[in-house]
Every structure is written in structure tokens, then in C-alpha cells.
Amino acid sequence: MSHLTEAQLVLFHYGEAADPAAIEAHLEGCSRCAASHHDLQQLFAALDRLEVPQRSGQYGAEVWRRLRPQLVRRAELARDGWLRVRTWAWASAVAALVVAAFLAGRFWRSSEPTLAGPIAPQVRARILLVAVGDHLERSQMVLFELVNAKAGDPIDISSEQKWSEKLLPENRLYRLSAARAGAAGVASVLDELERTLLEIVHSPAQLSAAELERIRQRIEARGILFKIRVIGSHMQQKSPAPLAGLT
Amino acid sequence: MGGSDAAAVAETLAGDEEAFAGLVERHSRNLFRLAYRMTGNEHDAEEVVQETFLRAYRRLDQFKAQASVGTWLYSIAINCARDLLQQQKKHQEHRELESPERPSALEREAAGEPLPDRLALSAELSRQVALALRRLTSKERAALVLRHFEGLSIEEIGRTLGLRPSATKNSIFRAVRKLRRVLGPLAPLARTTP
């Protein structure tokens, strides 16, 4: 038998070698392969030193407490549909104004000295964090609604399209201001969100079940809902730190 | 456990949302452990656990009764963690990677310098393992974590990751080769630290 390969030794270690008895016999008589085997065992022992933070027996209940409101919200959305989202229309307009103010402060600061009480950069960043967080939440609800749309053929997504259309200009503003603030991670998620919203806007208003499934799959493949939640969660953690911390 | 999991799935699908709580309570700790080994970060691991249950809830009607709920949740969690790792890699968020100019306590010990406190050394070894794991691709990492830490067979890993057995093996081999390069000089210390 020629010398054992690393692959053979790895499979042997994990009990998946094709002929473990032959490998064992070889190791007994070959010091070179025995040394390689020993090195691998040391590596695997080192891997076992990876410490995992402990979670108490109550952890599952804690996860459920955090999870439940999101499941309930989905159920409410399914029941109330767009009535709920419509009440947020005013928030959209306010948020756009906030970003416009942010951008104005950022771009004009150096050329036009303010007379009194300029907004501190940290305060502007905080305002933007809140505004982007709100935008992400509204976008998340649109995507949730689409992903959880009840089966039917055809499926009317005209409401989702209307809301996606309203979210798009805001999204561009936020993406621009996040990029300007050096928050590449946020800008990238907003960029992906923008593509998703565009896709919804440009789809037919009446979708077949297969067409909806394809959109769903693309939303899931991009992991956009997950990314929105991660960014939103980072924002809550970082707030009121400057936005640049979210790069 | 398997029976009560299946019952919880059926009850949730029948409209009893609270039944889903049972699944969350039974599987959260295992999923956290898996997610932490995949992400190497407590906060990210928490996110993965939560997203796993959200995706599971949404796709509950796609769950095949012949599989175990635990295995199904594992495959969702692995996909969530891989999404997260790929996203982070895309934006080069490996901020915590140690600067190569600064020798770590383990490297100093390996070089024969005076020993720091043994517990600190042990913690550092854990940190070095975590950093080494972050150098793997998400597929390599998933395959290795499932094989080494979770004890899944090559066949089971292949099913979870959607890979053929040969591709699964290759992912594990590549992972081991990379880890050997990074951790090789430090590995002997694993048996001398507490």
C-alpha cells in the first residue's frame, strides 16, 4: 500500500473510510503516515477548543418572546392587508424630508456657514438612522406581504406595486446618503432592495401562481428580508452612534 | 421528541400558533450552537436563529414528515448562516481579523517565549480557531461544522447542502487543508492548554 493521502486520513478520522482496517494496519507500520495522522488529530483537537457561548435553559423561551411579535405581525398583515400599511403614508413623506435635510446639511455645510444652531453631525446621523430604519421596516412589510400572499391564480399585486413605487424614490435618497456617509453595508442592502422593488414595480399587476413563486424565490435567494433585518438590528445596536459605524 | 415535533408542526399548520413555541423552545439552543460555529459571532448567531424560525414558520407547509424537524431546521439555519457569511464577505466585514504584524499569545508560545496565563492561552486558542474558520468559504465551513461538530455523515451533509457526496468530501478536505495551513503550528498546543 502506498502512503495514505490526507483525504484518506480525514475520512478515517471521521469513521467514513472505505477500508478502515487496511488504514489502521498501514498506520501501524508506516511512521510517515502515522506522523501525518498524529498532526491531523492535533488539528481536530484544536478545533474542539472553539468555545461556544452558553445559553441557559430559558433560551428557547427568550427566542420565542422575540419571535412571536413578528409572527403575529405577519398574521395581522395577512388579515388587515394594506389598510395597515396605508396609515404609514405620512411617515414616508416625513422620512423623505428628513433625508433631504440630512443631505442638505452634509453637502452645503462646507460652503454655507450657518448662523446659529447648526445640527451636529452625530444628530444628523441619528436622524438618518431613524429614517432609514423606518424605511426598511415599511419595505420589509411590502416584501412580507408579497412573500406571504395567499395562493390564487391570478394573484393581484397592484397594491404591493403601488407601495413599491412610493418606496423607490426614498430608497434612492437613503442609498445615496448612506454611501456618502461611508456606510457601504447599508448602501449595498438598499441597492439590493431597490432592485427588488423595481422588479415588483415592473411585474404585471396580475401574476400567475408560478410567476409569483419566481418572484418569491428571487426575494429569498437574495436574502433581502434577512439582510434588512440584520441591518435594522445593527442600527438599533449602533444608535445613536454615527452611521459610519455601519460600514 | 420527534413525535412531539411532528405534532407541533401539524398543530401550527392547523392554526395554533402557540404550538410553534414548542419547536422554538426545543431547538433554539442547538441552533444557536450551530449558528455560532458557522458565524463565529454571538450577535450574528442570534440573528441566524431568529431568521431560521421565521423561514421555517413561513415554509412549514413544505416540511416533509419523513424528515426530522431538527434536521430540517438545521438545513434552514445553515442556509441562513451562509447567506449572512456571503453578505459579510462581500462587504469585507472581517474587521476582527487580527493584524498579521502583531504576534498572538499562541504564536509567542509556539516561538518559545514565556508562557502567558494558561487560561488566557486557552481562550486565545479558541479565538484563533474562530479566526481560522472565518477564512473558509461558507460551503467549506458548513461542511466542516456539520461533520466535525455536529457529527453528520457525508451523505447527510450532502443532503443538507444540496451537494453530491464527492463535492461534500472535497469541501471538507479543502477546509481541513486550509485549517492545517493556518492552525498547523499552533495545533500541538491544543493538548497542552487546559
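Predicted model: local features only at pLDDT ≥ 70, side-chain atom pairs only at ≥ 80, totals over all residues.
A residue is buried if 20 or more other C-beta atoms lie within 10 Å of its own.

Figure 1. Apart from neighbours within four places in sequence, the contacts of B:Y74 are with B:L34 and B:T160. The view also includes B:L146, which lies 72 residues from B:Y74 along the chain. The C-alpha atoms of B:Y74 and B:L146 are separated by 9.3 Å.

**Figure 2. The largest nonpolar core and the contacts of B:A81.** The largest nonpolar core has 92 residues, and the members that touch the most others are B:A35, B:A77 and B:A81. Helix 4 of chain B, residues 69–90, gives the most to this core, contributing eleven residues. In soluble globular proteins, nonpolar side chains tend to be buried together. With neighbours within four places in sequence set aside, B:A81 is in contact with B:A35, B:M38, B:T39 and B:V48.

**Figure 3. B:A21 in helix 2 of chain B.** Helix 2 of chain B spans residues 19–39 and contains B:A21. B:A21 counts as buried because 20 C-beta neighbours lie inside 10 Å, and a count of 20 or more is what the criterion requires. B:A8 is 13 residues from B:A21 in sequence. From C-alpha to C-alpha, B:A21 and B:A8 are 8.5 Å apart in space.

**Figure 4. Packing of helix 8 of chain B against helix 9 of chain B.** Helix 8 of chain B comprises residues 154–161, and helix 9 of chain B comprises residues 165–183. These helices pack at an angle of about 100°, and their axes are 9 Å apart. Angles of 65 to 115 degrees count as roughly perpendicular, and helix 8 of chain B and helix 9 of chain B are therefore roughly perpendicular to each other. On the side of helix 8 of chain B, the residues that meet helix 9 of chain B are B:I154, B:E155, B:I157, B:G158 and B:L161. Helix 9 of chain B presents B:P165, B:T168 and B:K169 to them. By residue class, this contact is made of four nonpolar, two polar and two charged residues.

**Figure 5. The fold of chain B and its confidence.** Chain B has nine helices and zero strands, and its elements run α-α-α-α-α-α-α-α-α from the N terminus on. Of the 194 residues in chain B, 43% are buried. Among contacts in chain B with a separation of 6 or more, 63% are between residues 24 or more positions apart. The pLDDT of chain B averages 81, and 77% of the residues score at least 70. Residues 93–102 of chain B have a pLDDT below 50, and this stretch has seven contacts in the model beyond near neighbours in sequence.

**Figure 6. A:R138 in helix 7 of chain A, with the elements of the chain.** Chain A contains eleven helices and two strands, arranged along the sequence as α-α-α-α-α-α-α-β-α-α-β-α-α. Of its 247 residues, 29% count as buried. Where contacts in chain A join residues at least 6 apart in sequence, 75% of them join residues at least 24 apart. A:R138 belongs to helix 7 of chain A, residues 121–147. With 20 other C-beta atoms within 10 Å, A:R138 is buried. A:W163 is 25 residues from A:R138 along the chain, and their C-alpha atoms are separated by 9.1 Å.

**Figure 7. The interface of chain A with chain B.** Across this interface, 37 residues of chain A are in contact with 48 residues of chain B. Helices of chain A that each supply at least two residues of the side touching chain B are helix 1 (6–13), helix 3 (31–47), helix 4 (59–80), helix 9 (184–201) and helix 11 (224–238). Helix 4 of chain A provides the largest share of that side, nine residues. The side of chain A that touches chain B consists of 21 nonpolar, eight polar and eight charged residues. The model scores ipTM 0.79 and pTM 0.62.

Conventions
Residues numbered from 1 in each chain as written. Chains lettered and ligands numbered in written order. Contact = placed C-beta atoms within 7 Å. Helix = DSSP H or I, 4+ residues; strand = E, 2+ residues; numbered from the N terminus. Nonpolar A, V, L, I, M, F, W, Y, C, P; charged D, E, K, R; others polar. Axes fitted to C-alpha atoms, helices over the stretch in contact; angles between N-to-C directions. Parallel < 35°, antiparallel > 145°, perpendicular 65-115°, else oblique. pLDDT = per-residue confidence, 0-100. Core = buried A, V, L, I, M, F, W, Y, C linked by C-beta atoms within 7 Å. Buried ≥ 20, exposed ≤ 12 C-beta atoms within 10 Å, placed from the backbone.
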